[in-house]
Amino acid sequence: MANQPDKDSWVFVAVENPGGNENYVGMADGQSQIAYIPVFLSKDEAQSCFINMPRETGKKYEIQAVIFEDLARDAAANGFLIFILDSIGKILDKIDPAAV
């Protein structure tokens, strides 16, 4: 878990409906039935990767910073894992948020 941020570190996520009924953007692996939130260690990495991620037409998205511990709490409560990704979408770490 070399890429797991400290609990009080800022990480970057894509948010759907910024400024309104905001939600973290979650992804799912259809084969393994794993739901996860893609997380980035820098805003530049998040913006570079998010350009190529699937999105729903007509929805607004924004990259936002969030405290890792807060994200982990929300992810665990909603049944999501956390995947730390780099700027091209390579998985650097898979984190069970219940263990944070």
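A residue is called buried when its relative accessible area is under 20%, exposed when this value is over 50%, and partly exposed in between, as computed with a 1.4 Å probe on protein chains only. The structure described here is a predicted model, in which local features need pLDDT of at least 70 and side-chain atom pairs count only at pLDDT 80 or more, whereas totals for chains, interfaces and linings use all residues. Residues are numbered from 1 along each chain as its sequence is written, and side-chain values use heavy atoms, with hydrogens and water left out.

The protein chain contains 2 helices and 7 strands, where helices (H or I, at least four residues) and strands (E, at least two) are DSSP runs numbered from the N terminus. Along the sequence these elements follow the pattern β-β-β-β-α-β-α-β-β. For 100 residues, a compact globule would have a radius of gyration near 13 Å, and the value of 13 Å found for the protein chain agrees with this; the radius is taken over C-alpha atoms, and the globule rule is 2.2 Å times the number of residues to the power 0.38. The C-alpha trace spans about 35 × 30 × 25 Å along its principal axes, and 34% of the 100 residues count as buried. Among contacts (heavy atoms within 4.5 Å) between residues at least 6 apart in sequence, 65% join residues at least 24 apart.

An open sheet is formed by 4 strands in the order S3-S4-S6-S7, with mixed pairing; two strands are said to pair if DSSP finds at least two bridges between them. Strand S3 (27-29) and strand S7 (91-95) stand at the edges with a single partner strand each, so one side of each has no neighbour in the sheet. From one strand to the next, the twist averages 35°, where axes are lines fitted to C-alpha atoms, for helices over the stretch in contact, and angles run from 0 to 180 degrees between N-to-C directions. Strand S6 (residues 81-85) runs antiparallel to S7 and is joined to S7 by 4 bridges, and Leu85 stands opposite Ile91 in S7. Helix H2 (residues 68-77) lies across strand S4 (34-39), S6 and S7, and runs at about 135° to S6.

Glu16, which lies in strand S1 (residues 10-16), counts as buried because its relative accessibility is 13%. The side chains of Glu16 and Lys59 are joined by a polar contact of 3.5 Å, a term that denotes a pair of N or O atoms within 3.5 Å, of which, within protein, one must be able to donate a hydrogen and the other to accept it, while residues adjacent in sequence count only if both atoms are side-chain atoms. Beyond residues up to four places away in sequence, Glu16 touches several others, including Asn21, Val25, Glu56 and Tyr61. Lys43, in helix H1 (residues 43-50), is partly exposed, with a relative accessible area of 41%, and is in contact with Phe12 and Ile63 when neighbours within four places in sequence are left aside.

Positive phi values were also found in loops. Asn17, in the loop between S1 and strand S2 (23-24), has a phi near 60° although Asn17 is a residue other than glycine, and counts as partly exposed because its relative accessibility is 30%. Gln33, in the loop between S3 and S4, likewise is not a glycine and has a positive phi of about 60°; at 66% relative accessibility, Gln33 counts as exposed.
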